[in-house]
Amino acid sequence: MIYVLTLLIGIVAGLRAMTPLAAVSWAAWARVLPLDGSLLAFLGYRWTPWVLTLVALGEFVTDQLPNTPSRKVPVQFGTRILIGAICGAALALPVASWMIGALLGAAGAVIGTLGGAAARTRLATMFGRDCPAALIEDAVAVVAAVLIVRAV
């Protein structure tokens, strides 16, 4: 079950890079996700979830800007893969192999990036503009991240 969740959190990272990291950080801060003593312990530090939440909110805003680069350009794509791996490792670390969690999180990020871009393009075409599609994608990312972290 945990490896399914690591794949799913990676898919969310492909939709919105910072949202799953903020959700994982809140879980670590609340001690729902015990990361103490690990390399990922910083996710549970006092200010980390607040900072990551602000960055995630900033991502929602910048995603609406017309000159924001595609999620499929190398820097954006690589960031999503890295964050998917970190989130997958964090979810798996307390109960299973963090390396398998990281790999599945990274694979999920690739799926989420490419699949999310395709779905958003279809939605934007259906709505005749991008904004409603982006807001739906934001909502899906937030709800999915919360549900996945709660399921751990």
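Predicted model: local features only at pLDDT ≥ 70, side-chain atom pairs only at ≥ 80, totals over all residues.
Local features were taken only at pLDDT of at least 70 and side-chain atom pairs only at pLDDT 80 or more, whereas totals for chains, interfaces and linings use all residues. Residues are numbered from 1 along each chain as its sequence is written, and side-chain values use heavy atoms, without hydrogens or water.

Two packed helices are described by the angle between their axes and the distance between the axes. The axes of helix H1 (residues 2-15) and helix H4 (residues 74-92) come within 8 Å and cross at roughly 150 degrees; helices are DSSP runs (H or I, at least four residues) numbered from the N terminus, and axes are lines fitted to C-alpha atoms over the stretch in contact, with angles from 0 to 180 degrees between N-to-C directions. H1 is therefore roughly antiparallel to H4 (an angle over 145 degrees). The crossing of H1 and H4 is right-handed, a term used when the near helix is turned clockwise from the far one by less than a right angle. In this contact (heavy atoms within 4.5 Å), residues of H1 including Ile2, Ile9 and Leu15 meet residues of H4 including Arg80, Ile83 and Leu91. By class, the contact of H1 with H4 has 10 nonpolar, 5 polar and 1 charged residues; Ala, Val, Leu, Ile, Met, Phe, Trp, Tyr, Cys and Pro count as nonpolar, Asp, Glu, Lys and Arg as charged, and the others, Gly among them, as polar.

Helix H2 (residues 18-29) also packs on H4, at an angle of about 25 degrees and with the axes 9 Å apart. H2 is therefore roughly parallel to H4 (an angle under 35 degrees). Met18, Pro20, Leu21 and Val24 in H2 meet Ile83, Ile86, Cys87, Ala90 and Leu91 in H4. This contact of H2 with H4 has 9 nonpolar residues, with no polar and no charged ones.

The largest pocket has a volume of about 410 Å³. A pocket is an open set of points on a 1 Å grid over the protein atoms alone, where a 1.4 Å probe fits, with protein on both sides within 12 Å along at least five of seven lines; lining residues have an atom within 4 Å of a point. The volume is the space filled by probe spheres set on the points, which are joined across faces, edges and corners. The lining of the largest pocket divides into 7 nonpolar, 6 polar and 8 charged residues, and its largest share, 4 residues, comes from H4.

The second largest pocket has a volume of about 240 Å³. Its lining has 12 nonpolar, 2 polar and 1 charged residues.

Terms used:
Helix = DSSP H or I, 4+ residues; strand = E, 2+ residues; numbered from the N terminus. Parallel < 35°, antiparallel > 145°, perpendicular 65-115°, else oblique.
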